[in-house]
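Here is a briefing on one protein model.

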Amino acid sequence: MFYRDSQQIRHVFIVTIYWHLLYISAPPCPNRRPWATRSIGERTTYPTGMLSDGGTYGVFKTRVACARRSDLTGKTTSHFACGNIYYIRGTKSSRMALDAVLYCSADIGHMSVGVKDDCEVPIVMLGKRVNQVAFVGTYLPRQCGIATFTADLCGAIGDVTSGCMVIPTNDQEEGYDYHAPVRFTIFEPDLSSYRRAAEFLNINHVDVVSLQHEYGIFGGEAGSHVLAFLQALRTPVVTTFHTVLHDPKPEYHRVLQEVASLSDRVVVLSRRAQTFLHDVYGVPEDKVDLIPHGIPDFPFVDPNFYKDQFGVEGRPVMSTFGLLSPSKGIEHVIRALPEIKKAFPNIVYLIVGVTHPYWIREEGEAYRLGLQREARELGVEDNVIFHNRFVEAEELVAVIGASDIFITPYLNEEQVSSGTLSWAVGAGKTVISTPYWYAQELLAEERGMLVPFGEHAPIAQSVIRVLNDNTMRHEMRKRAYMFGRNMTWPNVAHMYVDSFTRAVARGAQSPRMLTEDKGTERRRGELPLLRLQHLKRMTDSTGLLHHASYTVPQYDHGYLTDDNARALAFTMKLFELGELPNEEAEELVMRYLAFLDYAFDRATSCFRQNLTYGGGRWIEKSGAEDTHGRALWALGTAVGHCDNRAIRPMAGELFGQALTATRDFSSIRACAFTLLGIDEYLKWFLGDVTAHEIRHTLSAQLTKHYREAATDDWPWFEESLTYANARLSHAMIVTGRSLGDEEMTDIGFKSLEWLCGIQQSESGHFVPIGSNGYYTRGQERARFDQQPIEACATVAACLAASEASGEKTWYAEAERAFEWFLGRNDLQTPIYDPRTGGCYDTLHPRGINANQGAEATLSYLLALADMRLADKAIILKRGEISVQRIKHLKGILTEHPA
């Protein structure tokens, strides 16, 4: 690692010292080791302790924290990820010690920390690290201020993330000569290209989209084509508004308001724009980030250093740069030149930049020619130099560097940003400007001088005054330069990354709702057809492959015992349903049963989990306890539900060999799956003493966990809800019912009722616990990513509760969970594939993960089979439950008799 200066070296030294100080002075903690060595997601508890300077710190059952950046001044800004809220109290030294710990940790996420002396401040979780960013707007070599901004921002973000791509908009059909990182283009007038761009981003898995909004760079009335792009996008969006009008026309007001609504966060470049968004457009204040216009990290040098590059050495230099148009007001500076020339005969005015492409198309070079003509008529032609070309950043730095005075004589007050003014202030130039909104803000506190709109005499007076008073000019320069240090691109990039991270975190909790699918309501009266095309496609001569890219099996991921166990359990239900010829069902059963037999290591009495493609080798010696329990559940199901003379004996023998290893299980889910397997197994081998003994042991363990963890407001078996949660309640219900244990049965019903309650949205649809953080007691639950395994487990548990209690409400809960697959979910999007019987892997905040892996597909098929079997039982028993699909099910039973 290389450090740019001695101050940075000093900071690193201080960081190291304070890190040791915090670690040594902290009170002893069990299993304590430096945070930098902990793995992602690992949890630990650090009690509140004292730092050597008298400050306190507290860490409460937190996930591993990490830092990307640390500022050891009084204004502390750090970026890290954790799973809880921290509260820090202490002095500046204690904050530096905290920064040191974060600085020394691995870079796996982002969080913003704002700390003031001697006060308690919450550090709020922002979520996972943002790696891939897509920028949408104009882009170089298109000659446009937004294009330059996008290119600069993309370059700065690329320094702090692992990848960027750009989707530029084109005002000409042939486009421009783009290079990397441009990946896709949008033709402004073509509405369909906006939707295709959104689809391109959806399938390329970017973390966030940074949209640069300016009305004129998008097609449609008031740039409304961009709305089609945002509506089709499933990725979090952060929109930067470069123009925010105070008194917009109705169509402009509507478009900006909708863009803001469809964005997860919005960025403005000035406080006035921030106020307008709230007051005029109704954008919530907490959705808006104020981030300054980025600038290069200019050196603070004497203008004479650059003047020889333009042949103006020894002469006072004024400059204006940017795309020329009548709104720039440059003619007023030219009209001021005769008066300025009297005081400073060798004055030079540099006008740098091409005419704006819009004015070129409308009027050609009329504006520039008019300026040149006026300079000749006023006798200042030799004092004005036109650089009629689009200037690249390196040359522009030299132009600004050579300027003694920078002037923006714009005519329109309603301008909330200006890249040229930002560059001039950041370079420490003496700035004279008309009082448009952005200039008022940026040049406050004597960082520049303001002159009236459309008047040349005040410009002349201000220039003469500045050039005559060196002390005032240098003080003004210094104030501007110091103010601009916060605007350098590295600082701006970190601010944007924080905004991106907030957008991703918001999307993880508050999905962008799609238009409700009315077809979902129509489908609620019947269950989908049972289709096995995808399951068969994923099954080869070895077993069920684990992963699919879309619907294509992926061999490099091999096979998992978990998947083959689920597949065995599902195919056993096919026999009961009678919807598949016995020969086909037996063929699948044999394949999956053979895999479990191969997975079982008789030397260790454990099931192995990961097998490479083609059955080449097992990646580990033994799988997790959950894998073992899931295999026993499938084997027990095979024993209890199959009359085949080959299947039942083999499944029973393997079950007996594997069962004894479960006595020492510590995983409560492994215990639950084993109990479910035992319950099925004992339906045939009721006299198995060992199975009865282990059932008592494991059920007692689950009961003990519940007694220790459950409270009135948290009736659960542990401190967190993670995955396959309903299987715990399911196991307690069926086991308690078989044993006649009322306490155990009550625990099952009570915990399941609570779980169903928290897994229901305000509108009544099923919302499983998200896998991106899960749900720990006292903390905010993760809403996404939603996994099919949760809906499957809930369906099975609720149907077991319905059978055990006879209560209609449990059947309704099972139906609610199953309809999550059909589209009654947060995004109103079907999760299953009706053509093949496959199922998408996850539900993200912005859509689905289109891969159809084994776990997801089997979760859907198991849930569908359970619902079909429940409906079949209802019809056969002639119960009183009102089910809309009774006629449909009677037709199935007539066509496929059990």
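The axes of helix α27 (residues 742–758) and helix α28 (residues 788–805) come within 11 Å and cross at roughly 135°. This is a predicted model: local features need pLDDT of at least 70, side-chain atom pairs count only at pLDDT 80 or more, and totals for chains, interfaces and linings use all residues. Residues are numbered from 1 along each chain as its sequence is written, and side-chain values use heavy atoms, with hydrogens and water left out.

**α27 against α28**
- Axes are lines fitted to C-alpha atoms, for helices over the stretch in contact, and angles run from 0 to 180 degrees between N-to-C directions.
- α27 and α28 are therefore oblique to each other. Angles under 35 degrees count as roughly parallel, over 145 as roughly antiparallel, 65 to 115 as roughly perpendicular and the rest as oblique.
- The crossing of α27 past α28 is left-handed (the near helix is turned anticlockwise from the far one by less than a right angle; clockwise would be right-handed).
- From α27, F749, L752 and C756 meet T794, A797, C798, A801, A804 and S805 of α28. Contact means heavy atoms within 4.5 Å.
- By class, the contact of α27 with α28 has seven nonpolar, two polar and no charged residues. Ala, Val, Leu, Ile, Met, Phe, Trp, Tyr, Cys and Pro count as nonpolar, Asp, Glu, Lys and Arg as charged, and the others, Gly among them, as polar.

**α25 against α27**
- α25 and α27 pack at about 55°, with their axes 11 Å apart.
- This pair, α25 and α27, is therefore oblique too.
- α25 passes α27 in a left-handed crossing.
- S699, T703, Y706 and R707 of α25 make the contact with E743, M744, I747, K750 and S751 of α27.
- By class, the contact of α25 with α27 has three nonpolar, three polar and three charged residues.

**T703**
- T703 lies in helix α25 (residues 689–709).
- T703 has a relative accessible area of 7%, so it is buried (under 20%; exposed is over 50%, partly exposed in between, with a 1.4 Å probe and protein chains only).
- Leaving out residues up to four places away in sequence, T703 touches M732, E743, M744 and I747.

**Whole chain**
- The protein chain has 31 helices and 28 strands. Helices (H or I, at least four residues) and strands (E, at least two) are DSSP runs, numbered from the N terminus.
- Of its 898 residues, 57% count as buried.
- Among contacts in the protein chain with a separation of 6 or more, 67% join residues 24 or more positions apart.
- The protein chain exposes about 37200 Å², and carbon and sulfur atoms supply 51% of it.

Note on methods:
Accessible areas come from the Shrake-Rupley method with a 1.4 Å probe; for residues, only the protein chains shown count as cover.
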